[in-house]
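Please look over the chain shown here.

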Amino acid sequence: MAAPTLQQPSFLLANLKADTSTKPLLHRCQDLVKIIDDYPAKELHAIFPWLVETVFGSLDGIIAGWNLRLLHSRSNEYNIVLEFLKPSGPMMKLVYKLQAEEYKYEIPVNYLPGPVKACIQEGVLPDCPLFHNKLQFPLSGLLTLNLALNPFEFFMFNFAYCLITPKSYPQGQQGSSTDSAYFVLVDTYLKYFLPSEGSVPPSPFSDSRGSVTAPSPRSSSVSFAGYGVHSPSLLKHHIFHQPSVNADPAAQEIWRSETLLQMFVEIWLHHYSLEMYQKLQSPQVKEPFSPTEEHVLVVRLLVKHLHAFSNSLKPEQLSSSPSAHSHTHTSPLEEFKRVVVQRFVQQKLYLFLQNCFGHWPLDASFRAVLETWLSYIQPWRYTGEKTNPQQDQNRTVPDKWELFVQENLLMYTKLFQVFLNRAVRTDLVNAKNALMVFRVAKVFAQPNLAEMIQKGEQLFLEPEHVLHHRQPRGYLTPSQGGSYVSSKQRVVTDMVFRVKSHVYALEGQDCQYKQMFGTELRGAVMKLIQIIAQARQTAKRISDHSSVATANNSFMSWFGMGSSDLNNTFNGAEAEESGECLKKTHEFLDRALENLCQIFKLNQGQLTQLISNLGSSQDDGNCKQLPDCIQGENGLILTDLGRKQIISGLRRFDIRYQGDPELQPIRSYENALLVRLLYRISSLLNDRFGGHMNALCSRQDFLGRLGRHYLADPNSTTQLKQSPLSRRTLERNRQPRLSLRPLASYRTILLLLIFYVLGAVLSFGPVSSTLLILGGGFLLGLVMTLFGDKLKKH
């Protein structure tokens, strides 16, 4: 068949750009499929950077691209995009076609993560070998440095960077959904290039030489530098050296798995170095990078998949001796599984989570960060074994995971301490926040886990002289090939060295380690328990008050028989803090207390006494007091203690509506038409006779008292501590006036209707009934004026 007439690259690119604004996405994708199939690599090379930018958007966020983060399954374009970008789809075919010709594409160094960019600009080689041997030195100076990436690296860089590119979303749209096209593509790429079963599928494209070339060989001296322990790479023969055409296909294609993982880790996690994290402890230092909830959810997806990928290591490979690791029959992918978590992810994820724990807002969105942490420290959940969810809750952590706990000790102990600092500053009356405390306590209360952590701490605290006779060599972690099941045969010094190396690598040689089961942290746990107990009491108080109010108003609520006061709602009760949510809060906090007692071996009797004493003292008066304040020039100023009292729900200000009573929102038990009509009538009367009303209410005799009963605000004598602005507003609103708004209440209408019906039964006409009602109201006012003070005293 004759080849189609091919256009010049410049015309091809111009036509594609023109089609962007005139053709729908489906037709554009169909055209691109034909172009990728028919055109040689030389012509495709010219359009590749534009196509990548069109799909993922520009690195500066100005060009939105296909908006993969906003594209959901409800969209007509969703399946089109997934089909075009899937690992065996047209776009990846284009990548492999260009990869075979060894084309390079430039990325400005300014778009690299902060620590990597800082290293390059300072003339230091970055830790990650992904960026080695790729710098392009222009004549214009150091600040305009570029990286020359091969097509696969360039594609994955733009795909990964798409997640952290700042974008302005349309009104009402957010990019945190786990069913977006971007989230699904991340999951698809991970499963394809890091398969738990089988090997990485071969490239769907082969050029005339019969293979797709791997990246240029790198020096073995820099392999895996900066990933955990600085030991010789086990994979350098397979990953960093270009394989021959006749090599094992798995060995030839393993470089794609490594490149994808390194690109994801660097772009998504490597925004904080150890030095940068230590500087961030100062509140004056501005955070250099703030991840979004969507970003964290994708990181959690990566963590979960890497655990499943690592745990899929074959049992015979897992239990093999270290000397067998370089055996020719060992699959490169199996060797990769041994090192993937410890060397590639651990350090960068630790700093990433440290920053999130310290700087994330104190709200329910922290759940994404929390679940990412809990996923990492529970690799036994991703072994592929099917277990009963009910049995899984109380399942003992197998002993084979002891080495993982030791090699990730700070992930358990240090982050638990940082979480404690957050928890004591969080409103635990909120069910979502209470759930997070319960989740952490539940995870750490798993049988055997606390003992593993405690043993790891004991190993770290072993004296330094234990290591004096050790040779300065690397060690093999479980994910690097060490056997979990052979831990009993290991020498104590090996375990000590392993734990100390882990802590010093993540925190520095001069770190001051605080024991999770030490005296200081035990005191912090007791403080959290007190706050949990206080939150339980507050939740119970709110729930009891809501139940009573509901019971009092349930039958005649439609008619407004309950209080018409806007302030009838219990102070501090929010929509999500009522009803079933408060029951959940109490349940979560109760179970969290049980788990904390189990983790730290707390005495149940003392705990019960502490909670009961706290509850009785709180009921005696704390709930009636204002938060701790000091008097300033312009009113009350909250102290730090007062802020904590408000956050923990111990005390609250008496919040009441202090505006114009006539302008309160229309209630469900009021007739909206009557409210507006009566307001206009009363406004006309008040404007015309306001002076006479003022004069009447200013009198100190009986008539003045009677006038104040009918015309003055009944809440005007309520003494509340107010801000200066509120005081000025109240002065304007407390002028005597006539209010007809009560007549718009369905309750009042119903009562008047009953009176008129009763009058008709007793042979009274409408005029007579009206006079009787007015007379009864006047007599009631006389009684209240004469005996009101005495009734208030009683």
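Buried means under 20% relative accessible area, exposed over 50%, and partly exposed in between, with a 1.4 Å probe and protein chains only. This is a predicted model, in which local features need pLDDT of at least 70 and side-chain atom pairs count only at pLDDT 80 or more, while totals for chains, interfaces and linings use all residues. Residues are numbered from 1 along each chain as its sequence is written, and side-chain values use heavy atoms, with hydrogens and water left out.

Q: Is P661 buried or partly exposed?
A: P661 lies in the loop between α25 (640-647) and α26 (672-698); helices (H or I, at least four residues) and strands (E, at least two) are DSSP runs, numbered from the N terminus. Its relative accessibility is 24%. P661 therefore counts as partly exposed.

Q: What distance separates the C-alpha atoms of P661 and S739?
A: Along the chain, P661 and S739 are 78 residues apart. The separation of their C-alpha atoms is 9.1 Å.

Q: In what order do the three strands form the open sheet?
A: Two strands pair if DSSP finds at least two bridges between them. Four bridges join β1 (residues 105-108) to β3, and two bridges join β2 to β3. The pairing is antiparallel, and the order is β1-β3-β2. The edge strands, each pairing on one side only, are β1 and β2.

Q: Which residue in β3 is the bridge partner of Q136?
A: Strand β3 covers residues 146-149. P108 stands opposite N146 in β3, and I107 stands opposite L147. For Q136, the bridge partner is N146.

Q: Which residues of strand β3 are buried on the side other than that of N146 and A148?
A: In a regular strand the side chains alternate between the two faces of the sheet. Both faces of β3 are covered, with N146 and A148 buried on one side.

Q: With which side chain does K134 make a polar contact of 2.3 Å?
A: K134 sits in the loop between α6 (114-121) and β2 (135-136). Its relative accessible area is 9%, so K134 is buried. A polar contact is a pair of N or O atoms within 3.5 Å; within protein, one must be able to donate a hydrogen and the other to accept it, and residues adjacent in sequence count only if both atoms are side-chain atoms. The partner side chain is that of E153.

Q: Is E402 buried or partly exposed?
A: E402 and K455 meet in a salt bridge of 3.2 Å, N to O. E402 lies in helix α17 (residues 402-407) and K455 in helix α20 (residues 449-460), so the pair ties together parts 53 residues apart in sequence. K455 is partly exposed at 32% relative accessibility. At 13% relative accessibility, E402 counts as buried.

Q: What span does helix α23 reach from its first C-alpha to its last?
A: Helix α23 (residues 580-600) has 21 residues. The expected span of a helix is 1.5 Å times one less than its number of residues. For α23 the expected value is 30 Å, and the span reached is close to this, at 30 Å.

Note on methods
A salt bridge is a side-chain nitrogen of Lys or Arg within 4 Å of a carboxyl oxygen of Asp or Glu.
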